[in-house]
Amino acid sequence: MRPLPKAGYTQAVEIRNASRTLYISGQIPVDVQCKIPKAFSDQARLVWRNMEVPLRAADMSLDNLMKVTTFLSDRWFSDENRAVRKGILGDRAPALTVIITGIFDSAWLLEIEAIAAA
């Protein structure tokens, strides 16, 4: 027996009859003017907006997300990350992993990569 997942993700996602798979590189909290918000929640919302760009380019949306990996610079951001993700994804529950790690740029508080299918 394994523990039940906390809200916002599922233990496994099976992809059946998908004709396309999209692997999205790590999205970072940098806007088109190369600015980085200071607050974690602003960075997280920006990363999710950035995530939607390659999804739209592939004629997909957040509904197509199957697997999301979030890299946090500090576990201190875990609750805020969960709240922002829930606000963005709503009832969508892709497979999910959160990793606490050093991130390439010390100004970035998180980075998110994903796999989508259609």
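Which residues does Asn81 touch, not counting residues up to four places away in sequence? The legends below begin with that residue. The model is predicted: local features need pLDDT of at least 70, side-chain atom pairs count only at pLDDT 80 or more, and totals for chains, interfaces and linings use all residues. Residues are numbered from 1 along each chain as its sequence is written, and side-chain values use heavy atoms, with hydrogens and water left out.

View 1. Helices (H or I, at least four residues) and strands (E, at least two) are DSSP runs, numbered from the N terminus. With a relative accessible area of 3%, Asn81 is buried (buried means under 20% relative accessible area, exposed over 50%, partly exposed in between, with a 1.4 Å probe and protein chains only). Not counting residues up to four places away in sequence, Asn81 touches Phe40, Thr70, Leu72, Val98 and Leu110. A contact means heavy atoms within 4.5 Å.

**View 2. The crossing of helices H1 and H2.** Two packed helices are described by the angle between their axes and the distance between the axes. The axes of H1 (residues 40-57) and H2 come within 10 Å and cross at roughly 40°. Axes are lines fitted to C-alpha atoms, for helices over the stretch in contact, and angles run from 0 to 180 degrees between N-to-C directions. H1 and H2 are therefore oblique to each other; angles under 35 degrees count as roughly parallel, over 145 as roughly antiparallel, 65 to 115 as roughly perpendicular and the rest as oblique. The crossing of H1 and H2 is right-handed, a term used if the near helix is turned clockwise from the far one by less than a right angle.

**View 3. Residues where H1 meets H2.** From H1 come Phe40, Ser41, Ala44, Arg45 and Trp48, which meet Glu80, Asn81, Val84, Arg85, Ile88 and Leu89 in H2. This contact of H1 with H2 divides into 6 nonpolar, 2 polar and 3 charged residues. Ala, Val, Leu, Ile, Met, Phe, Trp, Tyr, Cys and Pro count as nonpolar, Asp, Glu, Lys and Arg as charged, and the others, Gly among them, as polar.

**View 4. Leu55 and the largest nonpolar core.** A nonpolar core is a set of buried Ala, Val, Leu, Ile, Met, Phe, Trp, Tyr and Cys residues joined through side-chain atoms within 4.5 Å. Of the 23 residues in the largest one, Trp48, Leu55 and Leu65 touch the most other members. Two or more residues each come from strand E1 (21-27), H1, strand E2 (65-72), H2 and strand E4 (110-117). H1 gives the largest share, 6 residues. Leu55 lies in H1 and is buried, with a relative accessible area of 0%.

**View 5. Ala114 in strand E4.** Ala114 is buried, with a relative accessible area of 4%. Ala114 and Tyr23 are 91 residues apart in sequence and 6.1 Å apart in space, C-alpha to C-alpha.

**View 6. Cys34 and Asp59, two loop residues with a positive phi.** Most residues other than glycine have a negative phi. Cys34, in the loop between E1 and H1, has a positive phi of about 65° and is exposed, with a relative accessible area of 64%. Asp59, in the loop between H1 and E2, has a positive phi of about 60° and is exposed at 67%.
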